[in-house]
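Me: I have a structure open and some quick things to ask about it. Can we go through them one by one?

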Amino acid sequence: KNMHRFFITHEEQIADEIIFSPAHSRQIARVLRLKAGERCVVLDNRGSELTVVLTQVGKDGCIASVIERAAAEEPRTRLLMLLSLTQREKFEWMLQKCTEIGAYAFQPVITSRSLVQNPVEVEAKYERWRMIIREAAEQSGRGRLPELLAVANLAQAAGDAAQRYALCLIPWEDEKRNTLKDVLSGVDAESIAVLIGPEGGFSEEEVQQAVNTGFTPVTLGKRILRMETA
């Protein structure tokens, strides 16, 4: 059967022993009701996947011993999702689903038509967002946690991405010729950044801004897609 998976911090691992944090211990003992002798998988977020056997499960905490080490599998292409800010449920859904399908990193972006404009308001949500990413990564069998970058405006986010990612794409409803398939065919990019617009779409100035930094506009087909579908 599928074993439960936990992303652990550096502090939780001491040589071949895992001393689970209070939060992980609560989940193991009370929520999942695992018992000593059962196996689970822990991930160190640095490329290792460890199969462990629980040696102690109780109110004083949980401890496990490492019985097998393997390299954690991850997609070869690093995919950065630059997501325009939107209402809470939608944004959280996008973080969850993109984590499940293998996104490497996320950056919340403030655009002229974003429903959320205040960076301070956004930063208050980071703890919850990290929890959503962690749970989705554990549930879907990821080998590492996607990084959550600091919120930025469109010009700054596009400029940073263009310097760090080999291929940068901006899906836009006014682009009629360049399809995603055309742009990706024959390209072997190790890293791709995709900039997803808000409900009202990008302004023409914003698309031009992104293009000036090195983004390529693409069409996702004839339909006007909701941002979470895109």
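Reply: One term to start with: pLDDT is the predictor's confidence in each residue, from 0 to 100. This is a predicted model.

Me: What is the mean pLDDT of the protein?

Reply: The mean is 94, and 100% of the residues reach 70 or more.

Me: Where is confidence lowest, and where highest?

Reply: Confidence is lowest in helix 3, residues 119-123, with a mean of 86. Strand 12 has the highest, at 98.

Me: How many helices and strands are there?

Reply: The protein has 7 helices and 13 strands. Its C-alpha atoms fill a box of roughly 60 × 40 × 30 Å along the principal axes.

Me: And how much of the protein counts as buried?

Reply: Of its 230 residues, 44% count as buried. The accessible surface comes to about 12,700 Å², and carbon and sulfur atoms hold 49% of that.

Me: What share of the contacts with a separation of 6 or more is between residues 24 or more positions apart?

Reply: Such pairs account for 70% of those contacts.

Me: Switching to helix 7. Which of its residues are buried?

Reply: Helix 7 spans residues 204-213, and its buried residues are E206, V207 and A210. Seen down the helix axis, they fall within an arc of 100°, so they line one face of helix 7.

Me: Why would residues three or four places apart point the same way?

Reply: An α-helix has 3.6 residues a turn, so residues with that spacing point the same way.

Me: What covers the buried residues of helix 7?

Reply: The cover includes helix 5 (154-164), strand 11 (167-171) and strand 12 (191-196).

Me: Which residues are exposed on the other side of helix 7?

Reply: E204, E205 and N212 are exposed there.

Me: What follows helix 7?

Reply: G214 does, and its phi is positive, near 125°.

Me: Which residue's side chain does the K90 side chain join in a polar contact?

Reply: The side chain of E199, at 3.0 Å.

Me: What else is K90 in contact with, leaving aside neighbours within four places in sequence?

Reply: Besides E199, K90 is in contact with R226, M227 and E228.

Methods. Residues are numbered from 1 along each chain as its sequence is written. This is a predicted model: local features need pLDDT of at least 70, side-chain atom pairs count only at pLDDT 80 or more; totals for chains, interfaces and linings use all residues. Side-chain values use heavy atoms; hydrogens and water are left out. Buried means under 20% relative accessible area, exposed over 50%, partly exposed in between (1.4 Å probe, protein chains only). Helices (H or I, at least four residues) and strands (E, at least two) are DSSP runs, numbered from the N terminus. The arc is that of the directions from the helix axis to the C-beta atoms. Contact means heavy atoms within 4.5 Å. A polar contact is a pair of N or O atoms within 3.5 Å; within protein, one must be able to donate a hydrogen and the other to accept it, and residues adjacent in sequence count only if both atoms are side-chain atoms. Accessible areas come from the Shrake-Rupley method with a 1.4 Å probe; for residues, only the protein chains shown count as cover.
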